[in-house]
Amino acid sequence: QVQLVESGGGLVQPGGSLRLTCKASGKMPYIDVMGWYRQAPGKQREMVATITRRGDTNYADSVEDRFAISGDGAETPVYLQMYNLKPEDTAVYYCNARKWFGSLGEYDYWGQGTQVTVSS
C-alpha cells in the first residue's frame, strides 16, 4: 500500500511563502490526478489545487493567484508553492492521489497532513 508523506509546513507571517512537498513511499499505483487539500479547524476539507496526469491544473478560487501546483500528475513528488499567505490559509494540508474508475467512482490515497499556520 502506497503511503503519501507531506513536508514543508510550518509557521509563517502574513505575506510570506512556503513550499509543500508530497512524496510517496512504496510503488505508486496508476494515478489519474494528484492534488492538495486542506482542512481548517471546524471546517470541511476542501480542494486547494490539483494536477492531472495530462498536466491540467485546477485551483480553488481563494488561492488561484497565489498558489502553484507542480510535478507529475501521475506520481510524486508533487509540490505546492504558496505565496502571499494569509491567516485564512491556516490549515492542515493533505496530499491526495486519486484513481478514477469512470462511472464506478474513484479511489483516494491520503497523506497524514502537514500544518500550515499563518500568523504574526
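**Entry 1: a salt bridge across the chain**

I began with D89, which forms a salt bridge with R38, the closest N and O atoms being 3.0 Å apart. D89 sits in the loop between strand 8 (78-82) and strand 9, and R38 in strand 4 (residues 33-39), so the pair ties together parts that are 51 residues apart in sequence. I note here that the model is a predicted one.

Are D89 and R38 buried or exposed? I looked up both, and both are buried. For R38 the relative accessibility is 6%. The cut-off for buried is under 20%, so R38 counts as buried.

**Entry 2: the other partner of R38**

Next I looked at E46. The side chains of R38 and E46 meet in a salt bridge, with 2.7 Å from N to O. E46 has a relative accessible area of 35%, so I wrote it down as partly exposed.

Which residues make up the network of salt bridges here? I listed R38, E46, R66 and D89 as linked in it. I then looked up the count of salt bridges, and it comes to 6.

**Entry 3: D108 and R98**

I went on to another salt bridge, where the side chains of D108 and R98 meet at 2.5 Å, N to O. D108 is in strand 10 and R98 in strand 9, and the two residues are 10 apart in the chain. I checked the accessibility of each. D108 has 23% relative accessibility, so it counts as partly exposed. R98 has 15%, so it counts as buried.

Strand 9 covers residues 91-100 and strand 10 covers residues 106-110. They pair in the antiparallel sense, over 5 bridges. W100 stands opposite E106 in strand 10.

How many residues lie between strand 9 and strand 10 in the hairpin? I found 5 residues between them. G102 is in the turn, and its phi is positive, at about 60 degrees.

I then turned to strand 11 (residues 114-118). Its covered face holds T114, V116 and V118. Its uncovered face holds Q115 and T117.

Strand 11 pairs with strand 9 in the antiparallel sense, over 3 bridges. In this pairing T114 of strand 11 is the bridge partner of Y93. Strand 11 also pairs with strand 2 (residues 10-12), in the parallel sense and over 3 bridges. There, T117 of strand 11 is the bridge partner of L11.

In what order do the 4 strands of the open sheet stand? I wrote down 1-3-8-7, with antiparallel pairing. Strand 1 (3-7) and strand 7 (67-71) stand at the edges with a single partner strand each, so one side of each has no neighbour in the sheet. Neighbouring strands of this sheet are turned against each other by 15 degrees on average, direction ignored.

Strand 7 and strand 8 run antiparallel and are joined by 5 bridges. L80 in strand 8 is the bridge partner of I69.

**Entry 4: the nonpolar core**

In soluble globular proteins, nonpolar side chains tend to be buried together. I looked up the largest nonpolar core of this model, and it has 30 residues. M34, W36, L80, M82 and Y93 touch the most other members. Several elements give two or more residues to this core: strand 3 (18-25), strand 4, strand 5 (46-52), strand 7, strand 8, strand 9 and strand 11.

Which strand gives the most to this core? I found that strand 9 does, with 4 residues.

I picked M82 and listed its contacts, leaving aside its neighbours within four places in sequence. M82 is in contact with G16, S17, L18, L20, R66, F67, Y93 and V116. Of these, R66 is also linked in the salt-bridge network, and V116 is on the covered face of strand 11.

**Entry 5: an exposed loop residue**

Last, I looked at E88, which is found in the loop between strand 8 and strand 9. Its relative accessibility is 56%, so E88 counts as exposed.

Note on methods:
Residues numbered from 1 in each chain as written. Predicted model: local features only at pLDDT ≥ 70, side-chain atom pairs only at ≥ 80, totals over all residues. Heavy atoms only, no water. Pairing = 2+ DSSP bridges. Buried < 20%, exposed > 50% of the residue type's maximum accessible area, 1.4 Å probe, protein only. Salt bridge = Lys/Arg side-chain N within 4 Å of Asp/Glu carboxyl O. Axes fitted to C-alpha atoms, helices over the stretch in contact; angles between N-to-C directions. Core = buried A, V, L, I, M, F, W, Y, C linked by side-chain atoms within 4.5 Å. Contact = heavy atoms within 4.5 Å.
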